[in-house]
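Me: I would like to go through the terms used for this structure one at a time, and to hear for each what the term rests on.

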Amino acid sequence: ERDRALASAQRAAKAALARSAFEEAATLYERARGVLELGAPEPGLQLELLLAQGEALARAGDAPNARELLCQAAERAHGLELRDVLVRAAMALAQLPETGSLDSARVTVIEHALSACADTDPRRACLEAMHAKTLLYSRDRASCTRMARAALGRS
């Protein structure tokens with residue numbers, strides 16, 4: 001029953017995303033995470049559902065809750081050394097609206113993603129540009145300029 005309920009919740013969440021019902025998708029991913037917790041731990045699937053929920057909240061415009069879930073997903077992905085999941089979380093987190101001040105958690109996530117991303121990875125330029133954007137609110141203008149130039153050099 002658990003597996004069937006989990007699969008059903010995931011299908012429903014994907015269908016909600018397809019019709020741009022982002023809040024509904026986020027709720028369904030949260031339910032799927034709850035169902036998953038009823039059985040044996042599955043860290044990879046739990047992480048995927050957490051990330052999907054965070055992405056859905058971001059698309060729904062719920063930046064604070066999306067930020068919280070995306071940071072959790074990035075932290076877990078970093079700990080499990082899942083580079084692609086880390087980069088995906090960083091990209092989603094970096095696309096959230098700026099708060100008008102330095103977001104050190106966002107900077108850390110993007111820096112971890114950059115460390116995990118090969119120089120030849122096509123996502124690297126985007127991460128570098130997003131890193132430069134997040135550093136706009138820091139006092140470290142040299143790092144901001146260096147990241148922006150690196151991103152421009154790759155594009």
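Me: How many salt bridges does a search of the whole structure find, and what makes a pair a salt bridge?

Reply: The search of the whole structure finds 14 salt bridges, where a salt bridge is a side-chain nitrogen of Lys or Arg within 4 Å of a carboxyl oxygen of Asp or Glu. This is a predicted model, in which local features need pLDDT of at least 70 and side-chain atom pairs count only at pLDDT 80 or more, while totals for chains, interfaces and linings use all residues. Residues are numbered from 1 along each chain as its sequence is written, and side-chain values use heavy atoms, with hydrogens and water left out.

Me: What makes Arg67 and Asp103 a salt bridge?

Reply: The closest N and O atoms of Arg67 and Asp103 are 2.8 Å apart, and the cut-off is within 4 Å, so the pair is called a salt bridge. Arg67 lies in helix H4 and Asp103 in the loop between H5 and H6, so the pair ties together parts that are 36 residues apart in sequence. Helices here are DSSP runs (H or I, at least four residues), numbered from the N terminus.

Me: Why is Asp103 called buried, and why is Arg67 called partly exposed?

Reply: Buried means under 20% relative accessible area, exposed means over 50%, and partly exposed is in between (1.4 Å probe, protein chains only). Asp103 has 9% relative accessibility and therefore counts as buried, whereas Arg67, with a relative accessible area of 28%, is partly exposed.

Me: What makes Asp84 and Arg123 a link between distant parts of the chain?

Reply: The closest N and O atoms of this salt bridge are 2.9 Å apart. Asp84 belongs to helix H5 and Arg123 to the loop between H6 and H7, and the two are 39 residues apart. With a relative accessible area of 52%, Asp84 is exposed, while Arg123, at 27%, is partly exposed.

Me: Which residues do salt bridges that share partners join into one network?

Reply: That network holds Arg67, Glu98, Asp103, Arg106 and Lys133.

Me: How do you know that the side chains of Asp121 and Arg123 make a polar contact?

Reply: The contact between these side chains is 2.8 Å; a polar contact is a pair of N or O atoms within 3.5 Å, where within protein one must be able to donate a hydrogen and the other to accept it, and where residues adjacent in sequence count only if both atoms are side-chain atoms. Asp121 lies in the loop between helix H6 (104-116) and H7, and its relative accessible area of 17% is why Asp121 is called buried.

Me: Why is H7 described as largely enclosed by the rest of the structure?

Reply: Of the 11 residues of H7, 8 are buried, so this helix is largely enclosed by the rest of the structure. The buried residues are Arg124, Ala125, Leu127, Glu128, Met130, His131, Ala132 and Thr134. Thr134 has a relative accessible area of 2% and is therefore buried. Not counting residues up to four places away in sequence, Thr134 touches Glu98, Leu102, Arg106, Val107 and Ile110, where contact means heavy atoms within 4.5 Å.

Me: What makes a nonpolar core, and which residues have the most contacts inside the largest one?

Reply: A nonpolar core is a set of buried Ala, Val, Leu, Ile, Met, Phe, Trp, Tyr and Cys residues joined through side-chain atoms within 4.5 Å. The largest has 48 residues, and those with the most contacts inside it are Leu70 and Leu127. Helix H5 gives the most to this core, with 9 residues. Leaving aside its neighbours within four places in sequence, Leu70 is in contact with Leu51, Gly54, Glu55, Ala89, Ala92, Leu93 and Leu96.

Me: What makes the nonpolar surface patch?

Reply: Leu102, Leu136 and Tyr137 make a nonpolar surface patch of about 270 Å². Patches are made of residues with over 30% relative accessible area and no salt bridge, with like charges joined within 9 Å and nonpolar side chains (Val, Leu, Ile, Met, Phe, Trp, Tyr) within 5 Å. The areas come from the Shrake-Rupley method with a 1.4 Å probe, and for residues only the protein chains shown count as cover. Tyr137, at 38% relative accessibility, counts as partly exposed, and its place is in the loop between helix H7 (124-134) and helix H8 (141-154).
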